[in-house]
Amino acid sequence: MKTSSNFDYEFGGPIGALGTMIFLPLVTLLLTYWASVGSLEFNHILPAETSCSPDAGFVSMYISKLKDSSVLCPSCAESPVLISCAWVIIGWFLFQVLLERILPCEIVLGAPLPDGSGKRLPYRINGHLAFWVTLLVLDIGWPKWTEISDESGNIKQILVFGRAPMTWLYDNYSTLAFVTIILTTMLSAYLYMKSFDKGLLLAVGGNSGNHVYDFFMGRELNPRWGGFDWKEFCELRPGLIGWMILNLAMMSKQYERLGYVTGSMILINIFQGLYVWDALYQERAILTTMDITTDGFGFMLVFGDLAWVPFTYSLQSRYLVDHDPHLQWPVLACIIDVNCFGY
């Protein structure tokens, strides 16, 4: 291992890594807010007044303002909402893990490991099937209890299956982003501590000896629980499919409000949905990418895969719910042409 004094740092070294870890979560929350209001509005990011005592120091007052901010700490004053959103994100992640574990799969060997051993790790390739099962469950397999009356007038509850309440994702969009940022930070911390176990293969780029930088880049190359590969799973499953689900939720919300879906929203869902489908259909191709073969699995990829991708890539559809420009067909036709030729 190179010492931190002669290590070949990227991203501006430890200071750049620290700045990125602070800056990108804030940018994510700001973008979700700006997409909702439809402009780069700065006046209401931090509240003018705070619940902190006037005698408190600058740091305490600033932390209090962050906590009281509905932009940078959404639903922090509403614990039930915050907890519900956290359980939704955890449940979504575990649901995708379940699909990865139980659905039929093809076992594909990855690229030879960079330690010179020639060993190749096996991967369960079933992301394409998980994609379609997820859509099926959300469309017709969502469980809920409903009340019915029998012939005697007695009311009883039965379990029925139908479409998931997708518009809930619109209603809690910023809070979902916030709790995802918290959970990805916790997962990054777990993976960093796990990387100090003996006998693990470390990523060259994340083994500098500087704790901040290595936490950001990721020390362990292929963190696993038995046959479950954390990095390959997170690259495509929860975040990428989650991006498409958020788009569908925004389309559902627009239909609820307008009684129809605009051309812009339809195209967003088609073109971005095609991108997600293609990535999962070609899942095995990711095994030879730099993310899998070279990079460690630290905050950079954990946050990027699970928070940045779903909540910034879905900003267009979030914006269109409240600020759709109602483009005319000639403009939509030009957009279709550009996407078809460009893709």
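Modeller: A cavity is a set of points, on a 1 Å grid over the protein atoms alone, where a 1.4 Å probe fits but cannot get out; lining residues have an atom within 4 Å of a point. Grid points are joined across faces, edges and corners, and a volume is the space filled by probe spheres set on the points. The model is predicted, and totals for linings use all residues, while local features need pLDDT of at least 70 and side-chain atom pairs pLDDT 80 or more. Residues are numbered from 1 along each chain, and side-chain values use heavy atoms, without hydrogens and water.

Colleague: How much space lies in the largest cavity?

Modeller: The count comes to three cavities of 30 Å³ or more. Residues lining the largest cavity include Pro112, Tyr123 and Ile292. The space in the largest cavity is about 80 Å³.

Colleague: Which element gives the most to the lining of the second largest cavity?

Modeller: The second largest cavity has a volume of about 50 Å³. Two or more lining residues come from each of α6 (173-194) and α7 (211-217); helices are DSSP runs (H or I, at least four residues), numbered from the N terminus. With three residues, the element that gives the most is α6.

Key
On a 1 Å grid over the protein atoms alone, a cavity is a set of points where a 1.4 Å probe fits but cannot get out, and a pocket is an open set with protein on both sides within 12 Å along at least five of seven lines; lining residues have an atom within 4 Å of a point.
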